[in-house]
Amino acid sequence: MTEHRRAIIASAPTRLDFGGGWTDVPPFPEDRGGFVCNVAINRRASVTIASGPGEHSHGDRLIRAALRCAQVDDVDIRIDSDFPVGAGLGGSSAAGVALAAGLHAWRNEAVDAAALAEWSRSVEVNELAIAGGRQDHYAAAFGGALALTFTETTQVDHIALSRSATRALEQQCLLAYTGESRISSTTITAVLDAYGAREPRVVDALDAMKALALQMPAALISGDIEHLAHLVDAHWLHQRSLHPAITTPRIDAIFNAATAAGAQGMKALGASGGGCVIVFAPDDRVDAVARAIEPFAERLRWNVDDEGVTVG
């Protein structure tokens with residue numbers, strides 16, 4: 001007879017990737033060293049695990065893969081998310097980290113944040129054959145603003161945000177959902193193939209994105225949101241050059257409208273092809289920029305999430 005136990009609820013944040021995305025995807029880290037600057041946000045994925053016959057919510061493929069790896073059965077699992085599916089916020093990784101934490105707790109196993117991030121990524125890559133990097137898993141596991149260095153191993157450095165810097169970032173960095181589907185796995189594979197062939201266009205763009213990302217932690221620490229915005233904007237020019245599908249007509253329309261309204265910089269999140277974009281506005285132009293992009297995207301409110309993955 002299945003033992004009925006108290007349900008476990010695990011939750012993990014999504015993230016905004018300011019710079020360096022793609023340089024965390026093998027083999028770039030091993031070849032040239034990757035670096036990502038991102039911040040976890042309070043748009044979370046939550047997983048509920050309870051005794052039961054094995055009925056699951058949406059996300060069955062991820063759940064079944066995680067259950068195989070954890071060697072757990074006879075449980076009911078439900079995944080809930082506080083963000084649109086395919087938003088480019090690292091939502092599947094947040095769900096994966098929450099699943100990792102919940103299933104290890106179900107087995108009464110204590111696992112640190114780095115191990116949860118690696119476990120979650122292993123499920124995606126080895127069980128589901130999803131091409132991708134590590135940054136999303138680490139943001140979900142650790143929370144806060146992060147400087148992530150990728151070589152053969154991953155180094156996690158927390159970026160200390162002052163209260164004033166946090167308030168300014170949350171006020172001046174607008175998060176907007178385009179409503180378009182993303183094609184991250186297809187795009188990532190195409191970019192990886194081009195990098196594998198050492199196409200100069202792709203190699204040079206990735207190197208430039210890494211160099212810009214390396215400057216971002218200092219801007220965050222000093223609370224210089226304008227400088228961060230300019231770094232992010234320069235990053236977007238290199239990012240979009242990786243593959244034609246990274247930008248879309250709607251994303252370009254957002255860029256044009258935001259720029260006309262006084263925005264200081266923007267980029268699409270994740271592998272793009274849709275999903276979410278971030279737009280930086282001066283403090284006195286936030287409302288004007290928000291109105292300018294409203295016809296093209298839904299604004300999503302957010303705050304910095306310092307907790308990382310939690311289990312209750």
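Analyst: Two residues are said to be in contact when they have heavy atoms within 4.5 Å of each other. The model discussed here is a predicted one.

User: Which residues does Gln172 touch, once residues up to four places away in sequence are not counted?

Analyst: By that cut-off, Gln172 touches Ile225, Gln264, Val279, Phe280, Ala281, Pro282, Asp283 and Val286. Gln172 itself has its place in helix α6.

User: Why is Gln172 called buried?

Analyst: The term buried is kept for a relative accessible area under 20%. Gln172 has a value of 12%, which falls under that limit, and therefore it is called buried.

User: What makes the buried residues of α6 a face of the helix?

Analyst: Helix α6, residues 163-172, has Ala165, Thr166, Ala168, Leu169 and Gln172 as its buried residues. When one looks down the axis of α6, these residues fall within an arc of 165 degrees, and so they line one face of the helix. The face turned away from this buried side carries Arg163 and Arg167, both of them exposed.

User: What covers the buried residues of α6?

Analyst: The cover includes the strands β1 (8-19), β6 (173-177) and β8 (276-280), together with the helices α8 (200-222), α9 (225-240) and α11 (286-293).

User: Which residues of α2 are buried, and what do they pack against?

Analyst: In helix α2, which runs over residues 60-70, the buried residues are Leu62, Ile63, Ala65, Ala66, Leu67 and Ala70. These residues pack against β3, α3 and α4 (113-127). Just after α2, Gln71 takes a positive phi of about 55 degrees.

User: Why is Asp82 called partly exposed?

Analyst: Partly exposed lies between the two limits, buried being under 20% and exposed over 50%. Asp82 has a relative accessible area of 40%, a value between those limits, and so the term partly exposed applies.

User: Where is Asp82 placed, and which residues is it in contact with beyond its neighbours within four places in sequence?

Analyst: Asp82 is placed in the loop between β3 and α3. With those sequence neighbours left aside, its contacts are Asn42, Arg43 and Arg44. For Arg43, the C-alpha atom is 5.2 Å from that of Asp82, although 39 residues separate the two in sequence.

User: What is Pro84 in contact with, leaving aside its neighbours within four places in sequence?

Analyst: Pro84, found in the loop between β3 (75-81) and α3 (91-106), is in contact with Tyr177 and Leu300. Pro84 and Tyr177 stand 93 residues apart in sequence, while their C-alpha atoms are 8.0 Å apart in space.

User: How do you know how compact the protein is for its length?

Analyst: The secondary structure comes to 11 helices and 10 strands. The radius of gyration is 19 Å, which is close to the 20 Å that the globule rule gives for 312 residues, so the protein is as compact as a globular protein of that length. Along the principal axes, its C-alpha trace spans about 65 × 45 × 35 Å.

User: What share of the residues is buried, and what share of the contacts with a separation of 6 or more joins residues 24 or more positions apart?

Analyst: Buried residues make up 55% of the 312 residues. Among contacts with a separation of 6 or more, 76% are between residues 24 or more positions apart.

Notes. Residues numbered from 1 in each chain as written. Predicted model: local features only at pLDDT ≥ 70, side-chain atom pairs only at ≥ 80, totals over all residues. Heavy atoms only, no water. Helix = DSSP H or I, 4+ residues; strand = E, 2+ residues; numbered from the N terminus. Rg over C-alpha atoms; globule rule 2.2 N^0.38 Å. Buried < 20%, exposed > 50% of the residue type's maximum accessible area, 1.4 Å probe, protein only. Arc of directions from axis to C-beta.
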